[in-house]
Amino acid sequence: MEPTTIGLIGLAVLIIVLFSRMPVGFVMALLGFLGFSYVVSWESGLRIMAKDFFSIFGSYSLTVVPLFILMGQIAFHGGISRRLFDTAYTWLGSLPGGLGIATIGACAGFAAICGSTNAAVATMTTVALPEMKRHDYALTLGTGTVAAGGSLGILIPPSVIFIVYGIATEQSIGKLFAAGIFPGILLAACFALTIIIWVKLRPKVAPRGEKKTFREKLLALTGISETLVLFFLVMGGLFVGFFTPTEAGAIGAGGAILIGVVGRRLSWKHFVQAVVESTRISCMVLVIVTGATIFGHFLAVTRIPYIAAAWVGELPLPNYAIMGVIVLIYLLGGCFMDSLAMVLLTVPIIYPLVISLGFDPIWFGVVIVLVTEMGVITPPVGINVYVVSGIARDIPLEVIFKGALPFLFAIMTTIGLLMIFPQIALFLPNLMR
């Protein structure tokens, strides 16, 4: 049997097995090992699997992942996310769909100190969804807002996806972080506009909140002070070159702990919970990275990446039309695969083609993150929807998917604007050293 045929069978089996909800990292590692061993030899398969597990879990570059995750968990357990939401609601609550817009604003703020879509959506489901229920918001609007808003966690820096993409493509993680700032703000604005249009068309889905005085709004700004301190400490240091991304993660995590201790809002119990959750999430990420690496070696010996890249590159289309095809491939893939696993599997295939077409690798990193954001709210995988459903068990899954659907158009709009105006993503990275 030809290696290419074996590779296609491996991809088909991977997609089928993923529907069984098995852990994606272990599935990719197992299929990658079996496929590589069949094509090359069992000895080589055992050798490559041992090497990949050791190199990934012992990688200094990937130490940045648990550090940023720890910073986000400390911020959550220290109550920073709750104060962010209260501030956003004070300022935005009187707008049409104000509570939903406040949720988007709080998601954007929490994303700036989190880096994980799962953590962001779980936090806002706990904090914001009960408030929207209490104010008689339609369940579709409430759950859809939380699921979509949580996706900002992988676009606004720090972002785990940016870190993994930067390592896989040997691009500056600091520049990728900077590139995500303006697109993240733009996407948050598009989400807010989506809510306003939704409420204007169907006013009954979201009663308007009470207006706050200007003095109350000014006093509420104290609720974002901790977030601003952490964000400017981490991103400011990266932007001017004071420290590396790994050092930035350590400083951010240390700063979050210091803020929680000084403010007496971080108890020992909460600290232990944050460490345990950070360990669990970090191990999950590293296992996915390892599994994707092993599966990537299997695909490499089957030559599928080179054949696919050559096929897309030879399409009789302009460069931007080919990029549109690539975006469509990512969109369809995101419906079936975990976002991190999809990035790790496809980047080795697509990245060389993107560079040969003359696109900026930093800009492409932002586009990839935006497309994977669509994957986290679309069926059948839609991990953000499942997180909301897991916390709000009384709400049917189809209601959450229905509520998330309008926000897909906001993401598409942002991708389109980035295609037309790439400097939205590239302006800040070009200012860096």
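Q: Is Glu-277 buried, partly exposed or exposed?
A: Quick ground rules: this is a predicted model, where local features need pLDDT of at least 70, side-chain atom pairs count only at pLDDT 80 or more, and totals for chains, interfaces and linings use all residues. Residues are numbered from 1 along each chain as its sequence is written, and side-chain values use heavy atoms, with hydrogens and water left out. Buried means under 20% relative accessible area, exposed over 50%, and partly exposed in between (1.4 Å probe, protein chains only). Glu-277 comes in at 27% relative accessibility, so the label is partly exposed.

Q: Which residue does Glu-277 meet in a salt bridge?
A: A salt bridge here is a side-chain nitrogen of Lys or Arg within 4 Å of a carboxyl oxygen of Asp or Glu. The N to O distance is 3.0 Å, and the partner is Arg-280.

Q: How many residues apart in sequence are the parts that Arg-83 and Glu-226 tie together?
A: These two form a salt bridge, with the closest N and O atoms 3.0 Å apart. Arg-83 lies in helix α5 (residues 80–92) and Glu-226 in helix α14 (residues 225–240), so the parts being tied together are 143 residues apart.

Q: Which residue is linked with Arg-83 and Glu-226 in a network of salt bridges?
A: Arg-83 and Glu-226 are both buried. The network they belong to also includes Arg-265.

Q: How many salt bridges does the structure hold?
A: Side chains of opposite charge can pair when their charged atoms come close. Counted across the structure, the total is 5.

Q: How many disulfides does the structure hold?
A: A disulfide is a pair of cysteine sulfur atoms within 2.5 Å. Take Cys-190, which is buried at 12%: its sulfur is 15 Å from the closest cysteine sulfur, in Cys-107, too far for a bond. The disulfide count is 0.

Note on methods:
Helix = DSSP H or I, 4+ residues; strand = E, 2+ residues; numbered from the N terminus.
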